[in-house]
Amino acid sequence: MTVDASAWRAAVLDHLMTAGGPACRHAAHYIRAHDVQIRFARQSTGARWTLRGDIELNEPAFCLQSNPTDPRLLGLVVHEATHLEQGIGLALSVAGEVRGWQAEFAARAELNAPIPAIHWRTIAQLPDPPTDADLRLARAGMLRMAGYRYLIWLLPLRPNWWTRLAERLGARLFRGRRRA
Ligand SMILES: [Zn+2]
């Protein structure tokens, strides 16, 4: 059976709107308002955001035959939508990553498929705003769960001159190219 990519994306967004709570609906609104595309690509993570402003889910773990109501898939979409909304400067920091994990954690709870891992609970319950010590603790927890292939150990705790430079360059590179 072939599934139309735009129909599949619409089903994902409909389910976020109808089955989810505030975190799911917020992500769905953002994806619709910014015409974020959901694609599939080989990668070492479950999902990622791109400079072009798209979300790429892990292939072959996910494909157009995947159930668009799968809470794990929906949680990943909410996580990556959070990063796109943040912008590159914040997304390329531990502080941004913490917010991504928190949004995914909230989305999964809303979808009645809560994430049980104890380290996640630690990250989900960090004070807002987190201190540097909180962010280091969160980063250690993420590394314990995801392993050292997860490149968070490269990221600064908070946005700095480097991530702001990346944001300016990224914006220049992809301005007006969204539909290319
Ligand atoms: Zn993330």
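1. I start with helix 1, on the side away from its buried residues. Ser-6, Ala-7 and Thr-18 are exposed there. This is a predicted model, and the points below should be read with that in mind.

2. The buried residues of helix 1 are Arg-9, Val-12, Leu-13, His-15 and Leu-16. They lie on the same side of the helix, because the arc they cover around the axis is only 155°. Note that Arg-9 and His-15 are listed as buried together with Val-12, Leu-13 and Leu-16.

3. What covers the buried residues of helix 1? The cover includes helix 2 (22-33), strand 1 (38-41) and helix 3 (71-86). Helix 1 itself takes in residues 5-19, which makes 15 residues. From its first C-alpha to its last it reaches 21 Å, close to the 21 Å expected at 1.5 Å a residue.

4. Helix 7, residues 132-146, can be described in the same terms. It has 15 residues and a reach of 21 Å between its first and last C-alpha, close to the expected 21 Å. Leu-135, Ala-138, Gly-141 and Met-142 are its buried residues. These cover an arc of only 125° around the axis, so they sit on the same side of helix 7.

5. Which residues are exposed on the face of helix 7 turned away from its buried side? They are Asp-132, Ala-133 and Arg-144. The buried residues of helix 7 are covered by elements including helix 5 (94-110) and helix 6 (118-124). After helix 7 comes Gly-147, with a positive phi near 85°.

6. On the sheet: three strands form it, in the order 1-3-2, and it is open with mixed pairing. Strand 1 and strand 2 are the edge strands, each pairing on one side only. Neighbouring strands are turned against each other by 30° on average, direction ignored.

7. Strand 1 and strand 3 run parallel and are joined by four bridges. Ala-41 stands opposite Asn-58 in strand 3. Helix 3 packs on this sheet and touches strand 1, strand 2 and strand 3. The direction of helix 3 makes about 20° with that of strand 2.

8. Thr-50 is in the loop between strand 2 (47-49) and strand 3 (55-58). Is this residue buried, exposed or partly exposed? It is partly exposed, because 17 other C-beta atoms lie within 10 Å, and a buried residue would need 20 or more. The C-alpha atoms of Thr-50 and Leu-84 are separated by 8.2 Å, although the two residues are 34 apart along the chain.

9. For the chain as a whole, there are eight helices and three strands. From the N terminus the elements run α-α-β-β-β-α-α-α-α-α-α. The radius of gyration is 16 Å, close to the 16 Å that the globule rule gives for 180 residues, so the chain is as compact as a globular protein of that length.

10. The C-alpha atoms fill a box of roughly 50 × 40 × 30 Å, taken along the principal axes. Buried residues make up 36% of the 180 residues. Of the contacts between residues at least 6 apart in sequence, 60% join residues at least 24 apart.

Terms used:
Residues are numbered from 1 along each chain as its sequence is written. This is a predicted model: local features need pLDDT of at least 70, side-chain atom pairs count only at pLDDT 80 or more; totals for chains, interfaces and linings use all residues. Helices (H or I, at least four residues) and strands (E, at least two) are DSSP runs, numbered from the N terminus. The radius of gyration is taken over C-alpha atoms; the globule rule is 2.2 Å times the number of residues to the power 0.38. A residue is buried if 20 or more other C-beta atoms lie within 10 Å of its own, exposed if 12 or fewer, and partly exposed in between; C-beta atoms are placed from the backbone. Two residues are in contact if their C-beta atoms, placed from the backbone, lie within 7 Å. The expected span of a helix is 1.5 Å times one less than its number of residues. The arc is that of the directions from the helix axis to the C-beta atoms. Two strands pair if DSSP finds at least two bridges between them. Axes are lines fitted to C-alpha atoms, for helices over the stretch in contact, and angles run from 0 to 180 degrees between N-to-C directions.
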